[in-house]
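Please open the model in the viewer and keep the selection panel at hand.

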There are 6 protein chains.
Amino acid sequence: MSRPINLTTVQWTDMPLPELCGHAARWGYDGLTLACHPRHFDAGRARQDLDYVDEVAHLLRSHGLRVNALAAHMLGQAVCDPVDDRHRNILDDAVWGDGEPEGVRRRAAEAMAALPAAAARLGADTVVGFTGSPVWHMFMLFPPVSQDDIQSGYQEFADRWHPILDAFDDARVRFALEVHPTEIAYDYWTTARTLDALGHRPAFGLNLDPSHFLWQGLDPAVFAYDYRERLYHVDLKDAVLRTDGRAGRLGSHLPWADPRRGWDFVTVGHGDVDFEALIRTLNAIGYDGPLSVEWEDAGMDRLTAAPQALSRVRELAAISPADASFDASFGHR
Amino acid sequence: MSRPINLTTVQWTDMPLPELCGHAARWGYDGLTLACHPRHFDAGRARQDLDYVDEVAHLLRSHGLRVNALAAHMLGQAVCDPVDDRHRNILDDAVWGDGEPEGVRRRAAEAMAALPAAAARLGADTVVGFTGSPVWHMFMLFPPVSQDDIQSGYQEFADRWHPILDAFDDARVRFALEVHPTEIAYDYWTTARTLDALGHRPAFGLNLDPSHFLWQGLDPAVFAYDYRERLYHVDLKDAVLRTDGRAGRLGSHLPWADPRRGWDFVTVGHGDVDFEALIRTLNAIGYDGPLSVEWEDAGMDRLTAAPQALSRVRELAAISPADASFDASFGHR
Amino acid sequence: MSRPINLTTVQWTDMPLPELCGHAARWGYDGLTLACHPRHFDAGRARQDLDYVDEVAHLLRSHGLRVNALAAHMLGQAVCDPVDDRHRNILDDAVWGDGEPEGVRRRAAEAMAALPAAAARLGADTVVGFTGSPVWHMFMLFPPVSQDDIQSGYQEFADRWHPILDAFDDARVRFALEVHPTEIAYDYWTTARTLDALGHRPAFGLNLDPSHFLWQGLDPAVFAYDYRERLYHVDLKDAVLRTDGRAGRLGSHLPWADPRRGWDFVTVGHGDVDFEALIRTLNAIGYDGPLSVEWEDAGMDRLTAAPQALSRVRELAAISPADASFDASFGHR
Amino acid sequence: MSRPINLTTVQWTDMPLPELCGHAARWGYDGLTLACHPRHFDAGRARQDLDYVDEVAHLLRSHGLRVNALAAHMLGQAVCDPVDDRHRNILDDAVWGDGEPEGVRRRAAEAMAALPAAAARLGADTVVGFTGSPVWHMFMLFPPVSQDDIQSGYQEFADRWHPILDAFDDARVRFALEVHPTEIAYDYWTTARTLDALGHRPAFGLNLDPSHFLWQGLDPAVFAYDYRERLYHVDLKDAVLRTDGRAGRLGSHLPWADPRRGWDFVTVGHGDVDFEALIRTLNAIGYDGPLSVEWEDAGMDRLTAAPQALSRVRELAAISPADASFDASFGHR
Amino acid sequence: MSRPINLTTVQWTDMPLPELCGHAARWGYDGLTLACHPRHFDAGRARQDLDYVDEVAHLLRSHGLRVNALAAHMLGQAVCDPVDDRHRNILDDAVWGDGEPEGVRRRAAEAMAALPAAAARLGADTVVGFTGSPVWHMFMLFPPVSQDDIQSGYQEFADRWHPILDAFDDARVRFALEVHPTEIAYDYWTTARTLDALGHRPAFGLNLDPSHFLWQGLDPAVFAYDYRERLYHVDLKDAVLRTDGRAGRLGSHLPWADPRRGWDFVTVGHGDVDFEALIRTLNAIGYDGPLSVEWEDAGMDRLTAAPQALSRVRELAAISPADASFDASFGHR
Amino acid sequence: MSRPINLTTVQWTDMPLPELCGHAARWGYDGLTLACHPRHFDAGRARQDLDYVDEVAHLLRSHGLRVNALAAHMLGQAVCDPVDDRHRNILDDAVWGDGEPEGVRRRAAEAMAALPAAAARLGADTVVGFTGSPVWHMFMLFPPVSQDDIQSGYQEFADRWHPILDAFDDARVRFALEVHPTEIAYDYWTTARTLDALGHRPAFGLNLDPSHFLWQGLDPAVFAYDYRERLYHVDLKDAVLRTDGRAGRLGSHLPWADPRRGWDFVTVGHGDVDFEALIRTLNAIGYDGPLSVEWEDAGMDRLTAAPQALSRVRELAAISPADASFDASFGHR
């Protein structure tokens with residue numbers, strides 16, 4: 001498999017893109033999953049200024065880095081979320097506007113629909129991101145929620161995203177939702193419901209980040225196998241569980257890296273995710289999209305973590321099927 | 001230990017109280033943890049009509065049932081929650097009013113402050129319930145949340161509850177928060193933070209329902225031991241885990257009893273909670289409050305489940321320490 | 001659910017049917033899954049003698065026992081197995097004939113095709129049984145086996161069974177393969193392949209016996225959910241695992257009840273099968289066929305085991321969904 | 001199997017024997033494993049007064065209770081232990097004397113040698129007990145201990161016990177060491193070493209109490225199978241593990257029933273011992289000695305625990321092999 | 001320990017031996033476990049042509065590679081197997097002949113008996129291989145099989161192998177059966193039965209390949225310890241388990257590397273085998289035979305896997321006991 | 001964190017200090033946790049000869065090695081232990097004297113009280129060591145022990161150690177007990193009791209060696225977090241568990257490296273301790289004392305193990321928190 005190994009830039013947007021390109025190239029990454037952020041890829045500007053897009057593309061190429069995918073998590077989050085103050089910090093002024101929720105959602109949808117054309121111009125065939133969710137906050141079913149309420153939420157999601165996905169189809173670019181708590185799909189069965197809600201249209205696929213699966217008790221390899229038709233992007237991030245009877249699966253509102261948390265994100269190779277099972281399954285299903293390293297490890301400096309993760313991912317990438325079966329040579333003929 | 005074995009009536013409010021008393025008494029329950037609900041114990045009416053309170057007390061006594069505790073989950077939920085449409089169905093018209101969130105919260109607080117006097121009149125020394133939470137919905141820390149935001153939420157909780165607890169102190173009644181997702185305390189460490197936020201005042205204690213602990217990976221016996229000073233009420237409800245790699249810990253928005261859920265509530269004795277460890281710990285710490293059976297098992301009819309649960313709880317209650325140590329008689333003298 | 005609780009008679013064929021009916025009725029069984037065996041239900045005679053069928057039906061009815069299903073494991077085994085000496089003891093003389101494998105297979109297929117008409121006359125809508133397998137013995141893939149060889153085996157199976165299933169369709173009776181090592185389907189994925197090989201025709205369904213799943217590491221509740229469309233019969237038999245590092249999953253050719261075996265069959269309630277998860281899933285998918293107790297416990301006398309198992313199954317059968325949801329009464333309106 | 005179900009009286013020596021016989025008979029026990037204690041069976045007196053022995057035998061018979069075994073734990077403990085103050089309370093004045101360790105050991109050995117004759121007179125063929133150990137206290141190998149030191153301890157044990165075992169041979173009675181921490185054999189491999197040290201002489205066998213095995217991580221069924229030639233007595237007592245990361249396997253010097261302990265003894269059926277695996281193994285190896293219920297559960301009153309344990313053991317005793325194999329009837333002939 | 005680290009050539013027979021020697025030497029292997037195959041070591045030719053044997057020996061020596069062992073799995077398989085079409089591809093034309101099973105078995109036995117002399121000439125003291133089995137296919141005990149049938153199979157095995165082992169004794173070479181499903185010994189207890197059947201004659205020993213043990217639930221270190229007297233060869237190959245409730249322990253007839261399989265072979269260091277426990281046990285029992293790396297990993301190219309495995313095995317080989325105990329220096333003297 | 005990585009010299013006292021310094025410096029250690037032993041740091045001589053202390057300090061400095069801590073396990077062991085022959089080999093002649101237990105204990109206490117001044121002169125702020133224990137040998141509570149006996153033992157410990165700790169306070173040096181079986185604190189709850197017995201005086205802290213925690217079922221990270229105020233030193237040593245049902249947690253008196261033991265010490269990185277969880281917790285609590293590698297691996301030569309362990313510890317040390325949170329850059333502003 002010649003899958004590119006990317007670095008996701010979402011957690012590096014405080015660093016100017018040229019500097020980050022320098023690091024990534026020196027460490028040996030093949031490409032970037034590039035964040036839609038004023039300092040990395042300014043989606044607003046890209047809409048109006050094709051030269052800007054070409055400059056960014058040129059910058060990456062000049063470092064020998066490919067762009068396979070854009071990351072538009074923040075923007076996507078606002079498309080069908082119950083917007084509140086927390087969203088102000090993740091949105092452009094233009095999208096936030098006066099902050100009236102429905103207006104924010106509408107403007108976010110418009111901005112998202114403009115993205116595939118820019119992505120195509122840049123050379124990326126995939127936009128990775130979030131969708132937001134009208135129903136996430138009801139997952140505990142208390143105060144009481146009816147299944148009709150839930151179903152309405154999935155319908156609202158579909159209604160809001162279909163027009164966006166039309167724009168993706170027009171640009172021959174795919175959207176890949178990162179299956180993640182707080183989103184419309186956060187586990188195996190909500191993914192099924194999400195794909196059903198959209199009629200399984202090919203424009204909408206999945207970004208699998210196994211770190212969100214570990215603490216939910218989900219098997220990323222099973223997920224990859226069962227949803228292989230819609231697996232468009234893979235993030236590699238690890239997570240660790242703590243099971244001492246005091247640490248809880250919901251995290252206790254404690255900050256990252258607090259040892260009382262029931263789970264935490266860590267650098268690839270430092271946690272409990274079975275990456276080898278995942279890679280072997282990706283090999284088996286013929287997945288040939290990016291493996292994108294995501295640094296989210298509050299206990300480890302990113303300048304140490306990013307090259308170390310790459311080194312582990314290169315080991316994983318060396319697990320590649322033999323041409324012939326090992327029992328092919330058992331006989332004589 | 002002569003702990004009363006109660007039935008919680010919250011899940012039976014469609015059944016008139018006299019009929020429920022008949023069932024409970026016939027099955028052999030010692031008492032009720034009585035729901036604040038128009039058909040069981042109408043808190044609004046109780047505030048103004050002492051005779052009503054006495055009638056309810058008489059009704060229970062006439063069936064040989066004690067009232068140890070009131071259950072005010074719905075009302076408490078509104079005290080510091082971000083109120084939305086889901087709350088309309090769990091609140092009185094008087095409390096809901098025009099549904100403007102801050103007004104709802106204020107009226108809920110007033111109604112809650114009136115409850116301890118009624119409880120005392122009824123003969124109950126504990127009100128079990130929820131608190132709501134300004135921060136629960138932020139537990140995933142995304143969209144990004146700062147620890148200051150969290151801390152403000154705990155402060156808001158304390159500010160809203162201190163005056164209520166003053167009323168509890170006046171009536172010499174205690175409030176016992178059911179530690180539960182969606183509440184200000186939902187696990188071990190948020191309980192610590194909650195008690196800290198209130199300065200550990202004795203008016204505010206805990207209702208331990210181990211079914212919420214199981215799927216969060218928490219050990220109810222450890223919790224009971226460590227928080228023994230504030231353990232005022234114990235609910236007995238079971239839960240079951242499903243760990244097939246597709247079922248997720250967050251429940252997938254699936255209805256109760258759907259076999260795809262990662263966990264579910266079940267009748268005592270049908271799940272994975274280690275009740276024996278819990279009971280032995282309750283014995284060791286000298287807990288002498290109620291053991292209150294809560295029926296929440298969408299896969300089992302309550303008329304079957306409630307007496308069956310009682311039978312299992314009676315077995316558990318028979319586990320009671322010996323007067324003398326078994327090695328007391330090893331020697332001769 | 002009003003599912004009948006049956007006793008499977010396959011392991012009781014040394015006992016005359018009237019005596020067995022007496023036991024089963026006295027213990028409280030609802031019906032029998034009746035073995036095709038000269039002493040219980042002589043399939044050969046039934047083909048020619050309708051009065052015989054009616055007499056058997058009458059015998060059962062006279063004990064208040066229903067016949068929901070016939071059990072034709074031995075006959076079915078010969079349909080597409082590589083026949084050898086072991087098969088002589090499980091077949092009629094008429095089917096065995098001279099023992100030449102292909103002739104045996106052909107005669108077994110004919111006898112099997114005659115069975116649905118007899119079953120229908122008896123009042124049973126299902127024939128439970130084995131299929132045999134051209135490929136089972138190759139499961140270790142050594143000496144080397146190609147996937148073409150395997151595929152040919154599944155094709156052979158389909159070719160041999162389609163005509164039989166036509167006869168089932170004619171009689172409006174269904175065949176239910178017991179998923180079981182030594183058969184064409186013995187686990188989750190071979191079941192998928194088997195159903196594919198037959199084009200998922202409704203005449204061919206499944207008998208789920210969880211005791212075969214336990215030691216293979218399979219989850220019976222997941223199986224029941226995923227194959228709910230073709231689940232026609234459920235056997236209740238338990239199994240126990242031994243995991244001491246010396247006992248092996250393949251059984252070491254040791255006899256049943258030898259404590260060195262890595263697993264063993266035991267009476268319902270004595271092993272490691274999670275029957276409650278299975279029953280709750282059967283409730284959820286609306287399975288309304290028989291629950292058939294199968295005694296195969298070399299460590300426990302069947303006259304003790306059969307009534308004891310029934311008592312445990314009655315407990316399981318009491319787990320039946322509530323009419324209303326437990327949170328239906330949380331609100332006031 | 002017609003194994004007697006006994007009650008061990010060691011933990012009841014504060015209760016006069018006639019009273020205990022009344023209880024045991026009423027609860028349904030078959031016999032007693034009778035403690036050598038002045039109030040139950042005064043070994044010192046028995047040596048000199050045959051009538052006394054006959055009276056005790058008569059007392060038990062009059063309640064329909066058999067005596068299969070004597071329990072001489074306290075006396076045996078002193079035979080090769082480093083005697084200190086703790087031993088004073090478990091020994092007769094005559095054995096303790098001036099407390100000088102070597103003298104105590106010598107007198108304990110003499111008293112032990114006198115026991116088999118009394119046992120035989122009483123009708124018991126087995127004396128269950130402890131041996132003490134010159135090496136137990138060195139198990140952590142710190143302060144540093146050489147294997148020579150350990151070996152010397154096993155030799156000393158053998159030297160002290162061979163003469164005692166000669167007396168057992170003379171009386172045709174067997175000694176059964178309860179494998180137990182603090183004794184010469186406390187686990188699987190020390191049992192092997194102990195039997196080796198004595199040349200595997202038949203007079204010296206084993207009493208298996210699975211409660212000591214659980215927290216050491218030992219498999220009682222494996223032990224029973226491997227040492228089946230020397231298994232002379234089985235105690236049924238349960239134990240429970242606590243694995244919360246704070247509770248330790250060594251018990252923290254905490255009293256029984258303290259919930260902080262890493263393990264505790266509990267009544268049969270209340271803990272984690274797999275009794276069914278043990279019973280099935282006992283059936284398989286043809287063990288026909290007593291199953292002796294031992295009450296050591298600081299969290300449960302013995303008057304509740306003893307009959308409850310019996311009821312569970314009767315269930316276990318009902319697990320008894322079938323005469324014929326369940327597949328005997330699969331064929332026709 | 002100065003155990004040679006070999007590469008097993010069975011899976012490389014499509015590659016000419018000189019080329020393979022070049023690879024193995026360059027990667028740093030100490031020697032080869034050389035496959036009996038026309039392209040590696042042509043056993044038929046070796047019987048008649050001593051010069052050929054010397055040439056092969058010289059070839060290996062010229063690359064600095066030792067020959068410790070021959071691998072004769074294919075030939076051995078035919079000695080007491082129920083021969084069918086699958087065997088044609090693993091046998092020489094001379095051995096296969098007309099394919100009549102008994103003739104094939106007889107010719108395979110003759111060829112096997114000729115091997116030890118060739119091995120000795122080559123400088124190898126061990127022939128590793130399979131035995132075939134008259135009973136393997138009956139492991140499920142269905143269609144019903146009696147223990148007499150099983151016992152006859154073991155007797156047949158012994159009868160067929162004793163004369164072969166005589167030839168081994170004559171040549172002072174040992175046979176080491178790879179304990180493996182499809183063979184006469186495939187787990188712990190069948191190994192015991194196999195050794196018993198042969199009277200534990202030293203000519204017949206064992207080749208331990210832990211990858212076959214993992215998915216059977218067997219502990220390779222326990223096996224190595226208990227059978228230390230007959231452990232003549234060790235293969236190092238890893239295996240991985242998948243336990244998602246759908247993947248089965250029997251492999252579902254799925255090809256290697258299919259992610260639906262319940263287990264799979266993988267390169268050393270990529271699976272779940274506890275090699276460190278095995279190596280430490282091999283150190284403790286003084287095993288000084290070869291550690292032979294076997295590449296069977298359908299998900300990893302052998303040219304990548306073979307040097308990577310060697311690197312891991314060198315790490316394991318560095319685990320070698322200290323001369324002095326670490327507590328030797330705790331004291332002063 | 002700039003924590004020094006030390007080598008503990010206790011297991012190297014047969015090697016002259018200059019030679020050991022050469023090794024340690026060459027391997028890359030930052031410092032030594034220096035054993036109080038005539039060949040490394042002669043505590044007796046140091047008391048009287050300040051030049052000697054300075055020479056030792058100079059020797060280490062000349063190799064670029066820091067001294068952060070002295071190790072006085074042997075001496076400390078005698079302070080409140082029931083002294084017997086095993087202690088002779090771990091004590092100086094001067095301390096042992098005539099071996100009369102109380103005299104030994106008194107002289108050990110005097111020598112210990114003299115140590116902090118020497119440590120301070122050397123530049124070390126911590127003395128790591130053992131305390132001995134009057135109660136350790138009673139941990140099984142048999143022969144019967146009362147809680148009063150235990151409590152007296154803790155009081156005796158406090159009485160003997162308070163004067164020693166006064167000397168530590170005078171020298172502004174801290175004592176760090178290695179929590180360890182055979183000592184006054186050997187697990188979580190005995191540590192609590194020990195600190196209570198001393199009134200939590202700051203002179204007395206803890207040395208955490210996770211290898212002792214593993215087999216006791218204790219979580220070292222939880223321990224580090226809960227006792228963070230008194231964590232003065234951390235040893236890095238690994239341990240491995242064997243759980244085959246025959247190997248016992250108490251070690252069976254078997255020598256180190258015997259594969260029948262239920263657990264064993266091994267080099268860092270070769271066992272089951274979760275060092276990453278420990279390091280991340282040490283980071284979170286701000287522990288900045290030494291990480292001291294302790295070689296106790298009877299299966300691995302120390303000259304191989306010590307540099308290998310260092311390499312693993314350097315990897316662990318690279319896990320150091322980021323300055324900024326990874327979600328700091330999620331927003332735009």
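How many aromatic pairs does the structure hold over all chains? The count is 135 aromatic pairs. Please bear in mind throughout that this is a predicted model.

**First stop: an aromatic pair in chain A**

Select Y188(A) and Y227(A) and display their side chains. The ring centres of Y188(A) and Y227(A) are 5.1 Å apart and the planes meet at 55°, so this pair is classed as tilted. To count as edge-to-face, the planes would have to be over 60 degrees apart.

Now colour the chain by secondary structure. Y188(A) belongs to helix α8 of chain A, while Y227(A) sits in the loop between α10 and β7 (231-236) of chain A; the pair therefore ties together parts that are 39 residues apart in sequence. Are these two residues buried or exposed? Y188(A) has a relative accessibility of 7% and counts as buried. Y227(A), with a relative accessible area of 10%, is buried as well.

**Second stop: an aromatic pair in chain F**

Move to chain F and select F213(F) and F223(F). Their ring centres lie 4.9 Å apart with the planes at 85°, so the pair is edge-to-face. F213(F) is part of helix α10 (residues 211-214) of chain F and F223(F) is part of helix α11 (residues 220-226) of chain F, so the pair ties together parts that are 10 residues apart in sequence. Both F213(F) and F223(F) are buried.

Select W136, F139 and Y186 in chain A, and then W136, F139 and Y186 in chain B. These residues form one aromatic cluster.

Show chains A and B together. The contact draws on 53 residues from chain A and 53 residues from chain B. About 4900 Å² is buried between these two chains, and 67% of that area is on carbon and sulfur atoms. How many salt bridges are counted between chain A and chain B? The count is zero. Polar contacts, by comparison, link 14 residue pairs between chain A and chain B (both residues at pLDDT 80 or more).

Next, highlight the helices on the side of chain A that touches chain B. Here α4 (73-77), α7 (147-171), α8 (188-197) and α10 (220-226) of chain A each supply at least two residues. The largest share, four residues, comes from α8(A), the helix in which Y188(A) lies. Colouring this side of chain A by residue class gives 28 nonpolar, 14 polar and 11 charged residues.

The buried area is about 2300 Å², with carbon and sulfur atoms giving 53% of it.

Two salt bridges are found across the interface of chain A and chain E. Select D226(A) and R246(E): these residues form a salt bridge whose closest N and O atoms are 2.8 Å apart. Six residue pairs are in polar contact between chain A and chain E (both residues at pLDDT 80 or more).

Notes:
Residues are numbered from 1 along each chain as its sequence is written. Chains are lettered from A and ligands numbered from 1 in the order in which they are written. This is a predicted model: local features need pLDDT of at least 70, side-chain atom pairs count only at pLDDT 80 or more; totals for chains, interfaces and linings use all residues. Side-chain values use heavy atoms; hydrogens and water are left out. Contact means heavy atoms within 4.5 Å. Buried area is the accessible area (1.4 Å probe) that two parts lose on being put together, summed over both. A salt bridge is a side-chain nitrogen of Lys or Arg within 4 Å of a carboxyl oxygen of Asp or Glu. A polar contact is a pair of N or O atoms within 3.5 Å; within protein, one must be able to donate a hydrogen and the other to accept it, and residues adjacent in sequence count only if both atoms are side-chain atoms. Ala, Val, Leu, Ile, Met, Phe, Trp, Tyr, Cys and Pro count as nonpolar, Asp, Glu, Lys and Arg as charged, and the others, Gly among them, as polar. Rings of Phe, Tyr and Trp (its six-membered ring) pair if their centres lie within 6.5 Å; planes under 30 degrees apart count as stacked, over 60 as edge-to-face and the rest as tilted. Buried means under 20% relative accessible area, exposed over 50%, partly exposed in between (1.4 Å probe, protein chains only).
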